[in-house]
Structures are given as structure tokens and as C-alpha cells.
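Trainee: I've got a structure to look through and I'd like to learn how to read it. Can we go over it together?
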Amino acid sequence: MPYIVSVLMVVKDDRWLDEALWSLVAQTYDSLEVVCLRDGGDGLTVGLNRAARLARSPRYLARLDADDLAYPGRIARQVAYLDANPDVVVCGTWAHRADAHGHLVGTSKPDPAWLPWRNPLIHSSVLMRRDAFETSGGYDETLATCQDFDLWVRLLGMGRVAIIPEPWVIVREHAGQVSRRSWRRRWAQHCIRRRYARI
């Protein structure tokens with residue numbers, strides 16, 4: 001019998017990988033697999049699409065970055081939500097923010113109404129329907145950044161994007177990340193908004 005959830009993970013920095021994997025082992029939801037690939041230099045987007053092709057779940061794809069953590073009930077909560085809301089194609093959650101040492105420093109509370117103007121989905125919190133992901137074409141490998149935002153905007157044309165207003169992941173903030181406020185990211189989001197201005 002196939003798994004119901006496949007968690008996609010692409011690893012570039014493995015300092016916190018063990019913690020991330022243990023947070024998935026500790027999930028209260030049993031029918032899941034983790035597809036964990038090393039970033040061989042092709043980039044996150046190429047790796048995520050490759051992981052999605054290897055995933056054995058025909059229903060749901062989840063995300064978790066190798067430096068983040070999922071609370072034990074996360075997957076069960078999101079599967080129940082998508083099962084109860086067939087019009088929702090992708091579901092995220094709020095997130096606790098932590099520093100490089102794991103100390104909590106705040107909570108991110110995004111709003112799905114931000115789409116398509118801003119990215120409301122915390123990538124590590126996402127659970128999406130596999131059929132919608134494949135119909136959309138997956139992540140756009142021509143984009144150097146904001147590939148997730150581009151995917152959410154395309155999925156918005158196929159159904160509802162939702163966020164559970166509860167923190168079910170811990171997102172680690174550290175120096176190795178690309179700044180969400182960088183000019184490169186802001187410009188990429190602007191270009192994506194122009195690309196899908198018709199939505």
C-alpha cells in the first residue's frame with residue numbers, strides 16, 4: 001500500500017539534518033515517507049522536483065527544510081484539514097521562529113489573503129495535493145529564487161490556498177540563509193507578480 005504523505009527534503013547544509021529527520025520520525029501520523037536528497041550543486045528547485053518524482057505517495061506532498069523542525073502532530077493536522085476541505089490544493093501553517101541555537105525568537109503568522117501579491121506560505125510548513133502539483137508543472141527550474149512563491153500563485157488558479165492559524169513548525173533563522181528581504185528576492189517576487197498579473 002503506498003504512503004499517503006511524502007515529505008520532500010533537499011540538503012545543502014546538514015548541520016541540523018538529524019534534528020529535522022527526528023522531528024519527522026516523531027510524527028503521530030504513520031503513513032509517511034521522507035525523500036531526502038543531497039543538493040549536488042543543481043540547486044534546491046531541481047532537487048525538489050527530483051524528490052517529487054521519486055515520491056511514492058499518490059496523494060500528498062509535504063515540505064521540510066533540513067534546518068527546520070516539525071511538531072509531532074503537524075502532518076496529522078494537515079492531512080485532516082485537506083481531507084475535510086477538498087477545494088484546498090495547498091495548506092500551510094503558522095511557524096515558530098528560532099535562532100541558530102534553537103532558541104525561539106518569535107512567531108510568523110502569514111495570511112493566505114496575501115496571495116498573489118506576497119508569499120504567505122512558509123515553505124517548510126506546506127502540504128499539497130500531488131495531482132495539483134503535477135498538473136501545475138511543479139517548481140519552475142528557470143527561477144533562481146522565489147520558486148515556491150511562483151508555484152503557489154499557479155496553484156491558486158486551481159483551488160484554494162489555506163493556512164492553519166497554528167504554529168506547527170519551527171523555522172530556523174541563521175546566517176547561511178538567503179535573506180527574505182534581499183533585493184534579489186524582492187525583484188523576483190515583483191517579476192512573478194507581473195507574470196501572473198491576470199490572476
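Trainee: Let's start with Cys36. Is Cys36 buried, partly exposed or exposed?

Mentor: Keep in mind that this is a predicted model. The relative accessibility of Cys36 is 34%. Buried needs under 20% and exposed needs over 50%, so Cys36 counts as partly exposed.

Trainee: And Cys91, buried or exposed?

Mentor: Use the cut-off again: under 20% is buried. Cys91 has a relative accessibility of 0%, so Cys91 counts as buried.

Trainee: How many disulfides does the structure hold?

Mentor: A disulfide is a covalent bond between the sulfur atoms of two cysteines. To count, a pair of cysteine sulfur atoms has to lie within 2.5 Å. The number of disulfides in this structure is zero.

Trainee: There's another cysteine, Cys146. Where does Cys146 lie, and what is its phi?

Mentor: Cys146 sits in the loop between α4 and α5. Cys146 is buried, since its relative accessible area is 2%. Cys146 isn't a glycine, yet its phi is positive, at about 65 degrees.

Trainee: Leu143 is in that loop too. How far is Leu143 from Thr45 in space?

Mentor: Leu143 counts as buried, with 17% relative accessibility. Along the sequence, Leu143 and Thr45 are 98 residues apart. In space, C-alpha to C-alpha, the distance between Leu143 and Thr45 is 8.3 Å.

Trainee: Now the whole chain. How many helices and strands are there, and in what pattern?

Mentor: The chain has six helices and eight strands. Reading along the sequence, you get the pattern β-α-β-α-β-β-α-β-β-β-α-α-β-α.

Trainee: What share of the contacts with a separation of 6 or more comes from residues 24 or more positions apart?

Mentor: First, a bit of background: the chain has 199 residues, and 53% of them count as buried. A contact here means heavy atoms within 4.5 Å. Among contacts with a separation of 6 or more, residues 24 or more positions apart account for 77%.

Trainee: Which element gives the largest share of the largest nonpolar core?

Mentor: That core has 27 residues, and those with the most contacts inside it are Leu8, Val90, Met128, Trp152 and Leu155. Elements that each supply at least two residues include β1, β2, α2 and β5. The largest share, five residues, comes from α5.

Trainee: Why is α5 described as largely enclosed by the rest of the structure?

Mentor: Go through its residues: Gln147, Asp148, Phe149, Asp150, Leu151, Trp152, Val153, Arg154 and Leu155 are buried. Helix α5 runs over residues 147-156, and it is largely enclosed because the number of its ten residues that are buried is nine.

Trainee: How do the buried residues of α3 sit around the helix?

Mentor: In α3, residues 74-84, the buried ones are Arg74, Ile75, Gln78, Val79 and Leu82. Seen down the axis of α3, these buried residues fall within an arc of 120 degrees, so they line one face of the helix. As a rule, an α-helix has 3.6 residues a turn, so residues three or four places apart point the same way. For α3, then, what you see is one face.

Trainee: Which residues is Ser124 in contact with, beyond its neighbours within four places in sequence?

Mentor: Find Ser124 in the loop between β6 and β7. Ser124 is buried, at a relative accessible area of 1%. Leaving aside those neighbours, Ser124 is in contact with Arg63, Leu64, Asp65, Asp68, Arg74 and Val169.

Trainee: Pro116 is in the loop between β6 and β7 as well. What kind of peptide bond joins Leu115 and Pro116?

Mentor: Look at omega, which is about 0 degrees for Leu115 and Pro116. The peptide bond joining them is cis.

Trainee: Last one. How are the rings of Phe133 and Tyr139 arranged?

Mentor: A search of the whole structure finds one aromatic pair. In it, the ring centres of Phe133 and Tyr139 are 5.6 Å apart and the planes are at 65 degrees. Phe133 counts as buried at 5% relative accessibility, and Tyr139 counts as buried at 3%. Planes over 60 degrees apart count as edge-to-face, so the pair is edge-to-face.

Technical notes
Residues numbered from 1 in each chain as written. Predicted model: local features only at pLDDT ≥ 70, side-chain atom pairs only at ≥ 80, totals over all residues. Heavy atoms only, no water. Buried < 20%, exposed > 50% of the residue type's maximum accessible area, 1.4 Å probe, protein only. Helix = DSSP H or I, 4+ residues; strand = E, 2+ residues; numbered from the N terminus. Arc of directions from axis to C-beta. Core = buried A, V, L, I, M, F, W, Y, C linked by side-chain atoms within 4.5 Å. Phe/Tyr/Trp six-rings, centres within 6.5 Å; stacked < 30°, edge-to-face > 60°.
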